[in-house]
Amino acid sequence: MTTTTLPLPATHTRRTGFREAIAHEWIKFRSVRSTVWTTAATAVLPVVGAVFIAASGSLQPDDTVLGGSLTLTVVAQMLAAVVGALVASGEYSSGTIRTTFAAVPRRGTVLAAKATLVAGVMYILALASCTAAYLVGDAMLPEGRYAQGEPLPALFGIAASFAVAAVLGLAVGFLVRHSAGAVTTVIGLLLLPSLFGPLFGDAERWVAGLSPTAALEKLTQTSDATADAVGSLGPWPSLLLVAACTTALTLGALVLLGRRDT
């Protein structure tokens, strides 16, 4: 007796596509309270920081309106990285990753969908939030007392640094597969390059500039973005370097994702 293998229905084929994978990830993203609240905090913090700095008069004389208004973007960027880490590691902690891979067997598609989602969400939120923070700070700070800074095209780079941080967190989440460990690791990756950069002598400009936080501080044109703290690379080269390192780490996560069991 012979059997005939019937082709899969078109609906099944579409279910595993990239567009459908993003749709599934968006549903999960907005259904998990931890990611929703952390994302909301990421969006709110820059504006809160701008109001606080302007109201308290704590802006340094050599700082810019842009840099002072975006004081809390460093913390907000860390939260963006935490969101990325939770999007990946949270599924391992809850066990839903098995369901995800059953619905979308191509693990590379899952990773690409999650990366596209967190990068897109964080870019849009950061651009809107940081632009609002700058406008609030500019309106509240005394006119003419501080240098204005150059908000364009810096705000687009700032938003991109949030997207990079989120993808970095996602890659770490897939590598570590444990929420607490992933969050700790990604925050360490954001902070350690600037802390240990001066120990590497002539290589400090590269080491200290490896973190999305370093690129962010340069793009905000804050007076705290000294070469000793964030490396001597310019803001845009620093952002490109960080994006390249994040891409490499994400590719490493993709390789391990295909080899590991869930």
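Is Phe 29 buried or exposed? Phe 29 counts as buried, because its relative accessibility is 6%. Keep in mind that this is a predicted model.

**Aromatic pairs**

- Searching the whole structure turns up two aromatic pairs.
- One of them is Trp 26 with Phe 29: the ring centres sit 6.0 Å apart and the planes make an angle of 15 degrees, so this pair is stacked.
- Why about one helical turn between these two? Trp 26 and Phe 29 are three residues apart in helix 2, so about one turn separates them.
- Tyr 92 and Phe 174 are both buried.

- Glu 25 sits in helix 2, which runs over residues 18-29.
- With a relative accessibility of 4%, Glu 25 falls under the 20% cut-off, so it counts as buried.
- What does Glu 25 touch, once neighbours within four places in sequence are set aside? Its contacts are Glu 91, Thr 100, Val 110, Ala 113, Lys 114 and Leu 117.

**Annotated transmembrane spans**

- According to the unreviewed UniProt entry, "transmembrane region" covers residues 36-59, 65-88, 109-134, 154-176, 183-201 and 236-257.
- Take residues 65-88: in the model this span is 88% helix and 0% strand, and its end C-alpha atoms lie 36 Å apart.
- Residues 154-176 come out as 100% helix and 0% strand, with 33 Å between the end C-alpha atoms.

**The nonpolar patch**

- Leu 191, Leu 192, Leu 195, Phe 196, Leu 199 and Phe 200 make a nonpolar surface patch of about 620 Å².
- Phe 196, one of the patch residues, is part of helix 9 (residues 179-196).
- Phe 196 has a relative accessibility of 42%, so it counts as partly exposed.

- Phe 52 is located in helix 3 (residues 33-56), and it is exposed because its relative accessible area reaches 56%.
- Between the C-alpha atoms of Phe 52 and Ser 69 there are 8.9 Å, with the two residues 17 apart along the chain.
- Arg 205 lies in helix 10, covering residues 204-207.
- Its relative accessible area is 35%, so Arg 205 is partly exposed.
- Which residues does Arg 205 touch, not counting those up to four places away in sequence? They are Gly 231, Ser 232 and Leu 233.
- From Arg 205 to Leu 155 the distance is 23 Å, C-alpha to C-alpha, and the sequence separation is 50 residues.

How values were computed: Residues numbered from 1 in each chain as written. Predicted model: local features only at pLDDT ≥ 70, side-chain atom pairs only at ≥ 80, totals over all residues. Heavy atoms only, no water. Patch = residues over 30% accessible without salt bridge, like charges linked within 9 Å, V, L, I, M, F, W, Y side chains within 5 Å. Areas by Shrake-Rupley, 256 points an atom, 1.4 Å probe, with all protein chains shown as cover. Salt bridge = Lys/Arg side-chain N within 4 Å of Asp/Glu carboxyl O. Helix = DSSP H or I, 4+ residues; strand = E, 2+ residues; numbered from the N terminus. Buried < 20%, exposed > 50% of the residue type's maximum accessible area, 1.4 Å probe, protein only. Contact = heavy atoms within 4.5 Å. UniProt positions renumbered as here; feature names shortened; annotations may be inferred. Phe/Tyr/Trp six-rings, centres within 6.5 Å; stacked < 30°, edge-to-face > 60°.
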